[in-house]
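Welcome! Here is a short tour for someone meeting this structure for the first time.

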Amino acid sequence: MTMHDTQGDLCIENLVKQYGNLRAVDDVSLRIRPGEFLTLLGPSGSGKTTLLMMIAGFVAADAGRIGLGGRDITDLAPEQRNFGMVFQGYALFPHLSVRENVAFPLKIRRRPKSEVEAAVKTALDRVQMTHLADRLPRQLSGGQQQRVALARAMSFQPSLLLLDEPLGALDRKLRVDVQMEIKKLHQELGTTFIYVTHDQEEALSMSDRIVIFRQGRIAQIGTPSELYDQPQSRFVASFLGESDFIAGTVQSIDGGIARIATPAGEILQNGAKHPSIGSAITVALRPEKIALLAQPTADRRNCLPGRIIAWRYLGGHLSFEIAVEGIGPIRAEIAAAEGQPFLQEGKRAWLAWQPQDGVTVTEE
Amino acid sequence: MATEVAAGTSRRKLLPIGNRQDQVYWLFVLPVLLCLLVFFLLPLFQVFWISLSDPAVGPDNYIKLFDNRAIKRVVLTTLRICTITTVFSVVIGYMIAFTVAIAPPRTRSMLMFAILVPFWMSVLVRAFAWVTLLRSEGVINSFLMSFGAISTPLSMTNNEFGVLVGMVHYMVPYAVLPLLASMDGINPSLIAASRGLGAGPVQSFVKIFMPLTKPGIFAALILVFIMTLGFFVTPIILGGGNTVMIAEYITVQMQQTLRWGLASALATALLVVVLLLIGALSRSMDMRKMLGGG
């Protein structure tokens, strides 16, 4: 590995943090590329925030190593790491004005006065907060405080920006706006962003790559579309978006297509790797991939019979719940017009989908 | 605030008896109010009246406060002792409060207990305890002399030093409480933010933590100063007549020289100063919150 390869890479190797009997971070390894927008996503208590705090230096590692550009920073104090950080709840200094808050990291670094002023102006311009520079944090709205926190975290041009659920305190409408702004900021700055959230939509819309955490371990890493289209486990398939699961037994494999016996009938499933013949298999299926038919189809699509249990009208589409014998309730999202004939409880319907639309997942 | 008011009025409207209930409240409070009036406010007014009428009607006593040399000396002594006591109490109190604020919960409750224990001890007992420690044949002097650190006993009682030691010891817990309240109010993530943005532990303390405890420092300074102004027992016992503060001087005027008018004028002036300081204090801080909530 040449020096150039490791320049600015953040390497996390076998990191462990134990709290009593709980392994908050359990043998996590990860390589973060310079300029990347990486999101740590997971339910609460999955270890994502602990990992971020370990990267920031607030939580000491019990085992493992953190390296930055080939340098070991595992035991470095937070103030020596030179990372920018946006905290949950912003943590703006209440006794300092917006300007002083943003200048704080620069003054600490003893930058010359003219440079401080210029950097503060640039940072505040970037988040469009220059006109409120002399206000105190308590005189600002939540969204404005959020921007000041961002400006403060980037005013000293850190190589890495850590963001701990920065949008957690904002209302839904504002969140979407700020998401766009943060993403734009990332593109302009070219700084590495490590972003913690439990909101999957946030993760999908902003990230270059997402790391999904479960019980202190990494469940899967990938780009948003990789994770959404190719979840490896039941957990990832159900955590990121919604999924239906169909369990069965592999009957035969023919040219990458597995024939699977389920309690409701036989289905086909495409895939590069299948479990051996005779073993159990779970197929995950996105509700929007399913079509509803009044008659069983004769084409190559998979087709299972069911009965309509309930539906919800969601504007552009209808969300059906369909009982499939031996499998349980299956959710299907159908365009409003196509769903019209099925708006009747107990009505018989056939679920159809292409063999390549399902994803084989592990049962975890 | 507007919503609070709205909630208040709507709740009142829900109560069918309305104003009559307020009258019932007054009935319960009335005995206390009468007691206050008869046993506190009237005597206080009498003190004020004596200061203006004894020995002759007029402002003579108040004029004397400013041109009597003995009084001037006592006032200066009092101000000096109170200022030094206040500074030391707040500095020591700050260190203790900080230790408590960052202590884990269990240690914290033990520390709080240790801080509050002196409240249950008589000021008299504490003053005499200090005499035992500080006097010429006391614990400290005999200890130092036993291994030749000093040859003659240090004079630590019957002077201002002794008074200061006793008073600082008495006042430290009063400084700790408002300081601790303000420290507990600091969001810990602010310190983390400061560290994360590049400030070391010392810088974070000086630039973030300390400034955020300013209201607490101000409250502690005024509270301690107010209380020290009226100190009586400690200066008498540890000062041994050599260090006379206002309270003692007033007693002397009352009981020995029988100049009640002058004593009352001094007492009134002291009261006015204290009230002004309390006014300043209540402007800077919620008093109930300052004394540890509740």
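## Chain B at a glance

Please keep in mind that this is a predicted model. Chain B has 15 helices and zero strands. Of its 294 residues, 37% are buried.

## Two helices side by side

Let us look next at α4(B), residues 69-102, and α5(B), residues 105-116, whose axes come within 8 Å and cross at roughly 150°. An angle over 145 degrees counts as roughly antiparallel, and therefore α4(B) and α5(B) are roughly antiparallel to each other. The crossing of α4(B) with α5(B) is left-handed.

On the α4(B) side, the contact is made by B:I96, B:T99, B:V100 and B:A101, while α5(B) brings B:R108, B:L111, B:M112 and B:I115. These contact residues divide into six nonpolar, one polar and one charged.

Helix α9 of chain B spans residues 188-196, and its buried residues include B:S189, B:L190, B:A192, B:A193, B:S194 and B:G196. What covers them? The cover of the buried residues of α9(B) includes α3 (78-81), α4 (98-108) and α6 (142-154) of chain A, together with α10 (201-212) of chain B.

Both ends of this helix have a detail to find. At the start of α9(B), a side-chain oxygen of B:N187 comes to within 2.9 Å of the backbone nitrogen of B:S189. Just after α9(B), B:G198 has a positive phi of about 115°.

Definitions and conventions. Residues are numbered from 1 along each chain as its sequence is written. Chains are lettered from A and ligands numbered from 1 in the order in which they are written. This is a predicted model: local features need pLDDT of at least 70, side-chain atom pairs count only at pLDDT 80 or more; totals for chains, interfaces and linings use all residues. Side-chain values use heavy atoms; hydrogens and water are left out. Buried means under 20% relative accessible area, exposed over 50%, partly exposed in between (1.4 Å probe, protein chains only). Helices (H or I, at least four residues) and strands (E, at least two) are DSSP runs, numbered from the N terminus. Contact means heavy atoms within 4.5 Å. A polar contact is a pair of N or O atoms within 3.5 Å; within protein, one must be able to donate a hydrogen and the other to accept it, and residues adjacent in sequence count only if both atoms are side-chain atoms. Axes are lines fitted to C-alpha atoms, for helices over the stretch in contact, and angles run from 0 to 180 degrees between N-to-C directions. Angles under 35 degrees count as roughly parallel, over 145 as roughly antiparallel, 65 to 115 as roughly perpendicular and the rest as oblique. A crossing is left-handed if the near helix is turned anticlockwise from the far one by less than a right angle, and right-handed if clockwise. Ala, Val, Leu, Ile, Met, Phe, Trp, Tyr, Cys and Pro count as nonpolar, Asp, Glu, Lys and Arg as charged, and the others, Gly among them, as polar.
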